[in-house]
Amino acid sequence: MTDKPNLSFWKLWNLSFGFFGVQIAYALQSSQVSRIFSTIGADPHDLSYFWILPPLMGLIVQPLVGSASDRTWNRLGRRLPYLVVGALVAIVVMCFLPNSGSLGLGVSQAIIFGLVMLMFLDTSINMAMQPFKMLVGDFVNERQKGLAYSIQSFLCNAGSVVGYIAPIVLAMFLSNTAPSGEVPPTVTWSFYLGAAILLLCVLYTFAKVKEMPPHEYAVYHGIKEDAAEDGKKEKVNMIALLVKAPKVFWTVGIVQFFCWSAFLYMWTYSTDAIASHAFDAPSIEEVTGVTVNGKAYNDKYLFNGSTMLIAEGRRSMAGIEVDGEFLAVKTVVVAGDTLINEGSPVYTNGLAKVSPDGGTIAGAGSVIKVDGKEINVGSSAVTVSALSQIKPGDKLILAHIAKDLNGTGEYVLEQTTDLPEISADDDIALNYKTVLNAASKEYQDAGDWNGVLLAIQAIAAVIWAVVLSQFRSRKWGYSLSLLIGAVGFASVYFIHSPALLSVSYALMGCAWAAILAMPFTILTNALSGNHIGTYLGLFNCTICIPQIIAALCGGLLLSCFPVGENGAPQTVFMLVVSGVLLAIGALFVWNIRETFGSSKA
């Protein structure tokens with residue numbers, strides 16, 4: 001096997017430059033997806049379940065891309081074909097995902113659409129990201145590998161900074177609020193900007209990087225030339241490769257389990273935690289269904305015949321009460337030309353649309369317009385819930401999906417459940433859940449600030465990576481970095497100042513720097529042969545599996561903690577859990593024993 005020649009700094013730079021654009025997309029996904037789903041109307045207890053899809057797709061895609069690229073050669077190269085396919089899909093999906101709540105879909109349908117887009121986004125990001133890790137293994141010798149991964153880490157974190165701060169920078173030019181259920185323009189245009197930069201990075205990579213032809217690859221990697229030229233003849237048995245994997249594959253994998261579980265919880269819950277803990281975002285009570293004679297019935301919609309009573313957590317309006325007299329009306333216009341339609345959310349304190357005065361829409365002496373006619377209000381006018389109009393003999397219907405026929409107010413119901421006929425003696429009560437008001441300015445400001453904090457984390461990671469390279473013992477540097485990150489996560493619980501949270505996130509950045517650099521350096525030093533791509537793809541499972549397990553456990557863990565004073569879940573406890581996980585990971589670092597080129601695979 002011939003030793004690979006040293007490469008100039010700019011050649012090393014070009015090998016990883018595309019990572020900058022890919023990481024912008026990944027940063028937007030990490031920092032904004034939970035915000036997008038919360039804005040659409042997702043329950044905080046369900047947020048971690050949405051994050052199952054990204055690592056699940058990575059678990060499938062990364063090993064396949066790694067194995068396939070080891071056996072690929074065409075005029076585009078060995079690794080680059082997978083980059084271009086992944087990047088192009090990511091660019092298209094980035095234009096759709098932030099618009100999930102703006103396509104005229106119901107909350108359930110919007111969430112499902114968003115989940116499908118998230119699945120495609122993470123799959124494409126994984127496909128585009130993997131080739132850059134492999135290119136370093138293909139081109140760079142052992143002497144320069146540390147520098148190459150340092151450049152890749154720098155570009156990775158630089159891309160993260162751009163993705164994280166994009167929403168708050170765009171807030172200087174665009175609105176940071178939107179109608180209920182829709183994502184603000186700051187977030188939408190951040191995704192558009194990220195897609196444009198990703199496209200430019202892909203074009204740059206193709207212009208600057210020329211992959212080795214098969215015979216040259218074979219010379220530098222000590223493999224048979226015919227295997228390099230026609231990998232299709234060789235069937236890769238991943239199970240056999242795992243059996244032959246060096247021991248560090250597994251010992252580093254254990255550390256990976258705790259590290260990636262910790263950061264999964266940060267990406268899932270940090271926006272809600274900051275909104276509640278540092279921005280005092282208001283909470284709202286959403287209706288989840290009804291309890292009839294002690295038996296709970298919960299679903300998205302509740303109808304009384306053709307009259308909608310509950311829609312996606314909102315009580316519908318039957319009419320208004322003016323000076324004690326009930327009026328069944330279609331439309332009401334109150335001061336400030338605010339229009340309230342029949343079937344609109346009831347204006348009641350603690351429900352979907354919160355009114356500070358507890359449901360009053362017009363006070364004494366006001367003039368309102370009811371179905372086009374002006375009415376003078378004597379004492380007060382309040383909205384009346386359609387639920388209050390239930391009478392004995394009514395039959396209620398739960399539905400998971402309700403489709404409005406062309407805006408006519410006539411609904412087609414799907415996945416329905418009939419409730420027993422209502423009698424005069426029935427005891428009917430509403431079922432509630434309390435969540436943060438994702439449509440509030442405080443929540444959206446917290447979402448932007450979360451991006452800034454994650455950018456601070458990325459900058460700290462760049463700085464700490466330089467310090468980390470000075471440690472003589474990788475295990476000391478690795479373990480210490482994770483412990484510092486653990487302190488950062490735990491400290492969030494004690495800090496209520498948005499500015500001071502930057503210190504916590506800077507400490508988290510130390511752990512992030514180690515997680516990005518140490519595992520791949522330790523593993524690639526232990527590998528040799530013609531299955532580097534496959535091994536790196538398989539090693540990605542040590543990133544994906546922890547996230548899947550953590551996502552499955554997230555809602556259960558969150559339910560174990562007490563709610564806050566505002567009644568909403570205290571998601572800040574999940575960041576404390578992250579700190580505990582990192583501390584455990586720091587202990588398992590000492591179980592790693594490095595080897596060099598020991599694998600014959």
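In this predicted model, the axes of helix 13 (residues 474-491) and helix 14 (residues 501-525) come within 7 Å and cross at roughly 150°, where axes are lines fitted to C-alpha atoms, for helices over the stretch in contact, and angles run from 0 to 180 degrees between N-to-C directions. Helix 13 and helix 14 are therefore roughly antiparallel to each other, a label given to angles over 145 degrees. The crossing of helix 13 past helix 14 is left-handed, meaning that the near helix is turned anticlockwise from the far one by less than a right angle. Residues of helix 13 that meet helix 14 include Arg474, Tyr478, Leu482 and Phe489, and among their counterparts in helix 14 are Leu507, Met508, Ile515 and Asn525; contact here means heavy atoms within 4.5 Å. By class, this contact has 14 nonpolar, seven polar and one charged residues, with Ala, Val, Leu, Ile, Met, Phe, Trp, Tyr, Cys and Pro counted as nonpolar, Asp, Glu, Lys and Arg as charged, and the others, Gly among them, as polar.

Residues are numbered from 1 along each chain as its sequence is written. Local features need pLDDT of at least 70 and side-chain atom pairs count only at pLDDT 80 or more, while totals for chains, interfaces and linings use all residues, and side-chain values use heavy atoms, with hydrogens and water left out.

Helices (H or I, at least four residues) and strands (E, at least two) are DSSP runs numbered from the N terminus, and two strands pair if DSSP finds at least two bridges between them. Two open sheets are set out below.

Val22 belongs to helix 1 (residues 9-40) and counts as buried because its relative accessibility is 2%, the limit being under 20% relative accessible area with a 1.4 Å probe and protein chains only. Apart from neighbours within four places in sequence, Val22 is in contact with Ile125, Ala128, Met129, Phe132 and Leu198. Val22 and Val202, 180 residues apart in sequence, are 8.9 Å apart in space, C-alpha to C-alpha.

Conventions
Parallel < 35°, antiparallel > 145°, perpendicular 65-115°, else oblique. Buried < 20%, exposed > 50% of the residue type's maximum accessible area, 1.4 Å probe, protein only.
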